[in-house]
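Let's walk through this structure together, one question at a time.

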Amino acid sequence: MHILHVVGARPNFMKAAPLLRALGEAGGVSQTLVHTGQHYDAAMSDVFFHQLGMPVPDVNLSVGSGSHAQQTAEVMARFEPVVLEQKPDWVVVYGDVNSTAAAALVCAKLQIPVAHVEAGLRSRDRSMPEEINRLVTDQLSDLLFTPSADADANLLQEGIPREKIHLVGNVMIDTLVRLLPQAAMLDNLAGIGPFVLVTLHRPANVDDLPWLREMLTALLQVGRELPVIFPVHPRTRQRMADAGCLPASDGRLRLLPPVPYLEFLAMQRAALVVITDSGGIQEETSYLGVPCLTMRENTERPITLTAGTNTLLGRDIPRLRSELQRVLADPRPDSRPIPLWDGRASERIAKILAG
Ligand code: UD1
């Protein structure tokens, strides 16, 4: 059996790594790894491949940045000849980035079976580019691997046949479970004491420059009480520069370049609280039991609200302040283990795909 994996952007890499490994161990499977090149900076891509122990991609489509239509179209145009030549039995796509939807669309037209890992998540907010990617990819997929029961319910409601859907758990947690001991040995946070970890990169937050300025002002204020560590996504750094509000990095508000996987995992584990608009970080903090304050109106990962440590704040800065006070008073909120977020999701997928 020949399985072709497509990855493109940073959050795909930690999802593909454990499945590449599990299928390798299953035996009898040849695998091809295609990197679309949506993320291309060494700090957004190469260092992740290295730390995650992933093979060098067999093919790099080098699509780079562009508008959504340009990026999606470039992936499609450059991916089609690769699939035609490789003739895989399955193409596996991950998550919800532009590369995911583009690859699924190419395969659907060529009638090549597609498996979607992390299927069924819905924010019900179509202003998010990722929600469009999720809807399209799930409609076009032949096998849908879901991380939680809410995702199954969403897919059934959209008319996806039950036999295509498999609740397998969270592959991103597979990587976390495997690499947490290595992350725990790092000393990148020596001597810092309690701190707040921040990431922000969603268009809804960082493309709205007055709002971006407001959030930075709030973070500078938080920094007076507790050190704030903020690894800055390239898109966010660009927007801060556009808004003329790229703060000077100092001991209170440390702006860092994008951080490699292990170092970031060490930061999440050690943080008193995480403020973010990322999807994956809502899940990772829930697993780690670290409070997460999410600067979004909605989440496609509601299990992190009901069983995990996540709180949605939307654009409410006074609430951000009060939630921070609450966390200072009770640093480890109640959370329960989430079913099947146990480090073995990719084994379950490998059994279904190659078994
Ligand atoms: C993409 C995903 C998002 C995911 C995020 C994680 C989509 C629609 N969005 O958003 O779901 O949470 O990745 O990082 O697919 N850039 C660089 N170097 C890089 C990559 C990007 O400088 O290696 C800059 C470019 O200016 C680019 C901008 O970042 O225009 C945005 O990159 P893009 O891939 O379009 O989307 P992300 O915001 O990274």
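Q: Which of the 21 residues around the ligand come nearest?

A: This is a predicted model, in which local features need pLDDT of at least 70 and side-chain atom pairs count only at pLDDT 80 or more, while totals for chains, interfaces and linings use all residues. Numbering runs from 1 along each chain as its sequence is written, and side-chain values use heavy atoms, leaving out hydrogens and water. A residue is near a molecule if one of its heavy atoms lies within 4 Å of it. Those that come nearest to the ligand are H39, N98, E130, H201 and R235.

Q: Is α1 roughly parallel or roughly perpendicular to α7?

A: Helices are DSSP runs of H or I with at least four residues, numbered from the N terminus. Helix α1 (residues 10-26) packs against helix α7 (residues 171-184) with axes 7 Å apart, at an angle of about 80 degrees. Because angles of 65 to 115 degrees count as roughly perpendicular, α1 is to α7 roughly perpendicular.

Q: Which residues of α7 does α1 meet?

A: Contact means heavy atoms within 4.5 Å. From α1, the residues involved are M14, K15, P18 and R21. Their partners in α7 are V171, M172, D174, T175 and R178.

Q: What separates the C-alpha atoms of L312 and E297?

A: L312 is in contact with E297, among others. The two are 15 residues apart along the chain, yet their C-alpha atoms are separated by 6.5 Å.

Technical notes
Axes are lines fitted to C-alpha atoms, for helices over the stretch in contact, and angles run from 0 to 180 degrees between N-to-C directions. Helices (H or I, at least four residues) and strands (E, at least two) are DSSP runs, numbered from the N terminus. Angles under 35 degrees count as roughly parallel, over 145 as roughly antiparallel, 65 to 115 as roughly perpendicular and the rest as oblique. Lists of a residue's contacts leave out its neighbours within four places in sequence.
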